[in-house]
Amino acid sequence: MSDEVVLEVRNLTCRFGGLYAVDNVSFQVRRGEIFGLIGPNGAGKTTVFNLITGMTPPMHGEVFYKGVNITSKRPHEIAMLGIARTFQNIRLFGALTALENVMIARHIHTRSGMIEGVFGLPPAPQEERAIRQRAMELLELVGLADSAEMQARNFSYGDQRRLEIARALALEPELLLLDEPAAGMNQNEKSALSAFIRRVREQFNLTIVLIEHYVPLVMGLCDRIAVLNFGQLIALGAPEKVQNDPAVIEAYLGD
């Protein structure tokens, strides 16, 4: 992990009606870090992800990626800069196969246009073969290669989570945002997920930010953790510091 700041959130504020979902939140994520974003239900964690990725505009505040202000950019522009995410509510193409879901994400890196694709003109055929091969490699990485031709809707919840990660990796991101990656997994799968996330960070040279309700996974995996409660940042630091913070204990257990 380096001291270079990859992601900086400055004074982000977002309100829905009269409710502040995110209230003046600021933090930095350094290159190579696994950074956890935790808090009780309704704390504003997924809203922070939506603000970072351009899906929700902030009322106030700014988002910087590698020193560039991306606050006003659209989601596809942010993805092309090197930020990929998974979703709390899985957003796969259910009628498409696992392979097709991953291949769709890879097309962001193609050079051929619609005409080349429709008529099979160079470089479209070569790019399509390369996309298919890379998609299969990513399915192999997440343990789903044997089910490449299965429709995404027929996967178990845990396998759909893994397919979402493969699709996100297909974008070749530098920053990967994982929204509750352990949801729907049993204890053994959660333990394996922790090792998998570390391996993915090393193999793809990633910086990772994750939202997760399963606190033991976060405490054992993350380099630093930010804690939200009612949209406000109440703690930030190393896991051992955060888990002993009185404000964090009160947020989870009550006073």
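Glu 172 counts as partly exposed, at 45% relative accessibility (buried denotes under 20% relative accessible area, exposed over 50%, and partly exposed the range in between, with a 1.4 Å probe and protein chains only). Its salt-bridge partner is Arg 106, with the closest N and O atoms 2.7 Å apart; a salt bridge requires a side-chain nitrogen of Lys or Arg within 4 Å of a carboxyl oxygen of Asp or Glu. Glu 172 lies in the loop between α6 and β7 and Arg 106 in helix α3, 66 residues apart (helices are DSSP runs of H or I of at least four residues, strands runs of E of at least two, numbered from the N terminus). Arg 106 is buried, at 12% relative accessibility.

The model is predicted, with pLDDT of at least 70 needed for local features and 80 or more for side-chain atom pairs, whereas totals for chains, interfaces and linings use all residues. Residues are numbered from 1 along each chain as its sequence is written, and side-chain values use heavy atoms, without hydrogens or water.

The structure holds 12 salt bridges. In one of them, Glu 33 pairs with Arg 224 at a closest N to O separation of 2.5 Å. Glu 33 is located in the loop between β2 and β3 and Arg 224 in strand β9 (residues 224–229), so parts 191 residues apart in sequence are tied together. Glu 33 is buried, with a relative accessible area of 0%, and Arg 224 is likewise buried, at 14%.

A further salt bridge joins the side chains of Glu 174 and Arg 31 (3.5 Å, N to O). Glu 174 is partly exposed, with a relative accessible area of 27%.
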